[in-house]
Amino acid sequence: MQTPQLTITGLLLLLAVSATAQTPAFNYTLSMDEPSSHRFHVVFHCAGLGGPAVDLKMPAWMPGYYQLLDYAKNVQNFRAVGEKGKELGWEKTSPNTWRVENPAGPGAASLGTQRAGITVSYDVLAAKAFVAQPWLDSTRAYVAPAGVFFYVDGYIHQPVTVEVKPWPGWNKAAAGLAPKPAGHAPKAGLPGIAAGHAPKAGLPEIATGLEPVAGRNNVYRAQDFDILFDSPMLIGNLEDLKPFTVRGVPHYFSAYRPGQFDGDSLMNDLKKIVQQGVDLIGDLPYTHYTFLAIGPGRGGIEHLNSSTIGFSGEALNKAGERQRTLCFIAHEYFHHFNVKRIRPIALGPFDYDRENRTNMLWVSEGLTVYYEYMLVRRAGLMSGQDLLQHFQSDIAAYENKTGHLYQSLAQSSYETWSDGPFGRTGDTVNKTISYYQKGPAVGLLLDMAIRHSTGNKKSLDDVMRAVYRIYYKQKGRGFTDAEFRSACETVAGVDLSELFDYVYTVHEPDYAKYLAYGGLGIDVTDKTWKIYPLQEVDELQQKIRRDWMKE
Ligand SMILES: [Zn+2]
């Protein structure tokens, strides 16, 4: 069969058309002109999509917070228009799916898939001040992206841009403030850097882990919708602490009303913690990192290159609360390794439509609690005695309640979507436990088992490094339950059936046996669960204890 002759112009035209048809473009504009209404206004332009209809989906949950939050219910005043403002038909086809007519573009019939662009607009009610929910008022905007932006079904791996139009009132508020010195002007798109050492009331600012688009003011790009949903924004007259670098990579801290405290001292401590985390895994996989402190309140959510934290600087002025705050920030920070990159197979790629259940939150959350203690201890910001105290408190918290007789660690992970993040409360007989408590305790026993079987040549750190290297770096995926266990047994060089029974059954852990490997004793009978250094220890016990406690 003969190939039809094409003129050069015709060929170029066809190439251009096919490029248009195959290159979807997604651009958001986020504005907040009436912050007192608690409503963001969102305009979403989609172009280059095939098919007679487009499904826009609002996530049902946010990775990092394992509860269905039904963000779709906050979407109001939804409207869709085509070119020249022609109103387009749409319908809800599920509680979180808006199906919008995809209008035929000029010449569409003869060109197959080419369609005109669609522009949808909607408001998002953001009236709940919580780390997993968007918030807007005249003091600040917190964009929890899974609760603000749709993804386009079938196009989740496509890039998307967001133009932010901050409330103009923040500029007026900033007009009365002294300008920042030129040498400390915010880099394009990166959080502003205050010159001073203490927190400074700031210029209007957008703090986010998203990458700025060069040459465009307040426009950010996400390489896909997963990155968009992983990148919260804090917007307003923020206060910035002096950034630090680890391995040449900048770490920022931008805060809404953080209160009175020594910002330099906090950043010095955080630098030590970050350094310990990076040394542990032996890699630093981002080009900048931002702590977004959203104000007083509980909770934090981890991301690939940022974390959102409830924060009150005043807590840092009291020793006990300071240590708790440092542990909490260390926890959210270490999550960028453990759960964002080192992850169970169920936790990414995410299904934003439904619960993503896994038995492995004892690893993702429990071992992150384990390492928050270890990083703060290794950074020299907690005593060895305090380290023991943390584990003792965690063990007492579940052993002294009935839940540990009914629910295994794996079950507490799987059921968190129904039980809540800390287990159920209010039962006549509580039948649940929290993986935030039993997880670090089993982590401690596991670490001791590995150190014992290897003559302290290996530890749980080696397991974390191995799963990071094998599953994140080499295979680019999460691990199964069996693969995680196998990684532990490979490092330990022995069978760990008894330990994994403590994960998958309600068998009582033999705390005394495993802690003794590290030269530690525990008061099991009196229910205080007090952990203490044993008096008489052999050489290996002493070596493990010294290395583990850093004493
Ligand atoms: Zn966590």
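Along the chain, the donors of the zinc ion follow the spacing H-x3-H-x29-E. Select the zinc ion in this predicted model, and then display the residues that coordinate the ion: H331 and H335, each through NE2, and E365 through OE.

H331 lies in helix α6 (residues 319-334), and E365 lies in helix α7 (residues 361-378). These two residues are 34 residues apart, so the pair links distant parts of the chain.

Are H331 and E365 buried or exposed? Buried means under 20% relative accessible area. H331 has a relative accessibility of 6% and therefore counts as buried. E365, at 2%, is buried as well.

Now move to strand β3 by selecting residues 53-57. Of its 5 residues, 4 are buried, so the strand is largely enclosed by the rest of the structure.

Which strands pair with β3? Select β6 (residues 97-101), which pairs with β3 in the antiparallel sense over 5 bridges. Within this pairing, K57 stands opposite T97 of β6. Then select β10 (residues 151-152), which is also antiparallel to β3 and is joined to β3 over 2 bridges. Here V152 of β10 is the bridge partner of L56.

Finally, show the whole sheet. It is open, has 4 strands in the order β5-β6-β3-β10, and its pairing is antiparallel. β5 (90-94) and β10 stand at the edges with a single partner strand each, so one side of each has no neighbour in the sheet.

Methods. Residues are numbered from 1 along each chain as its sequence is written. This is a predicted model: local features need pLDDT of at least 70, side-chain atom pairs count only at pLDDT 80 or more; totals for chains, interfaces and linings use all residues. Side-chain values use heavy atoms; hydrogens and water are left out. Buried means under 20% relative accessible area, exposed over 50%, partly exposed in between (1.4 Å probe, protein chains only). Two strands pair if DSSP finds at least two bridges between them. Donors are N, O and S atoms within 2.8 Å of the metal (3.2 Å for Na, K and Ca); water is not among the atoms, so sites may look incomplete.
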